[in-house]
Amino acid sequence: AKEYLLNELKPLVKVFNPAVITTHLGSFPFIYPDHDFSEFQQLQKEIPACVMENMPGDDNLWRKSYPSTEKECDYVLSKLNGKMTFDVGHFMKQDLDVYRLVEKYLPQIVDIHFHDIVDGNDHQTLGTGSLDVERFIKILLKHNYQHYLTIELHHDNVEGMIKSHQLVK
């Protein structure tokens, strides 16, 4: 898997020189508790911009993505380079305290996938769901967050992207 990723990513990294490459570690969480992440550590040595993203949980063991809980994120961050993409909606889908978690993980966050959640559906227009956008932004400002804030909506929601951008500004 590592060789495939290196062969696929290295040419893209040379062309685009990204500051962050967000990766999804995968599903089947039962294989991860004893996993040492050595392949991903090697990948990060060659391409330091690679970071993991917290994923939405699911009661169905076969479809649950990893890491989705605070405990799983803590474990993965301890094994990897300690950097992450923080997906607001993925934590909110599990009724986790996104405001406490963003403060906890802020020193490790290099990108925030910013979107709202409406009736359990994530990647919705900011300001239309249960996320208190103003409260979240105040936390980022309080801690002088200096990294990326990516508005992440469904691909066909152009109007929502414009509204979300205006709200954030």
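**Helices over the sheet**

Select helix α6 (residues 133–142), which lies across β5 (84–87), β6 (109–114) and β9 and runs at about 170° to β6. Contact here means heavy atoms within 4.5 Å. Axes are lines fitted to C-alpha atoms, for helices over the stretch in contact, and angles run from 0 to 180 degrees between N-to-C directions. Helices (H or I, at least four residues) and strands (E, at least two) are DSSP runs, numbered from the N terminus. This is a predicted model, in which local features need pLDDT of at least 70 and side-chain atom pairs count only at pLDDT 80 or more, while totals for chains, interfaces and linings use all residues. Residues are numbered from 1 along each chain as its sequence is written, and side-chain values use heavy atoms, with hydrogens and water left out.

**The α5–α6 pair**

Next, select helix α5 (residues 98–105), whose axis comes within 10 Å of that of α6, with a crossing of roughly 15°. The two helices are therefore roughly parallel to each other, a term for angles under 35 degrees. Show side chains: Val 98, Tyr 99, Val 102 and Glu 103 in α5 meet Arg 135, Phe 136, Ile 139, Leu 140 and Lys 142 in α6. The residues of this contact divide into 6 nonpolar, no polar and 3 charged. Ala, Val, Leu, Ile, Met, Phe, Trp, Tyr, Cys and Pro count as nonpolar, Asp, Glu, Lys and Arg as charged, and the others, Gly among them, as polar.

**The sheet**

Now display the strands. The open sheet has 5 strands in the order β1-β3-β5-β6-β9, with parallel pairing; two strands pair if DSSP finds at least two bridges between them. At its edges are β1 (21–23) and β9 (148–151), each pairing on one side only.

Select β3 (residues 50–53), which runs parallel to β1 and is joined to β1 by 3 bridges. Ile 21 stands opposite Cys 50, and Thr 22 opposite Val 51. Towards β5, β3 pairs in the parallel sense over 2 bridges, and Met 52 faces Met 84. Both faces of β3 are covered: Cys 50 and Met 52 on one side and Val 51 and Glu 53 on the other are all buried, meaning under 20% relative accessible area (1.4 Å probe, protein chains only).

**Last stop: Asn 54**

Finally, select Asn 54, in the loop between β3 and β4 (65–66). Asn 54 counts as buried because its relative accessibility is 0%. Leaving aside neighbours within four places in sequence, Asn 54 is in contact with residues including Pro 67, Cys 73, Met 84 and His 90.

Conventions:
Angles under 35 degrees count as roughly parallel, over 145 as roughly antiparallel, 65 to 115 as roughly perpendicular and the rest as oblique. Buried means under 20% relative accessible area, exposed over 50%, partly exposed in between (1.4 Å probe, protein chains only).
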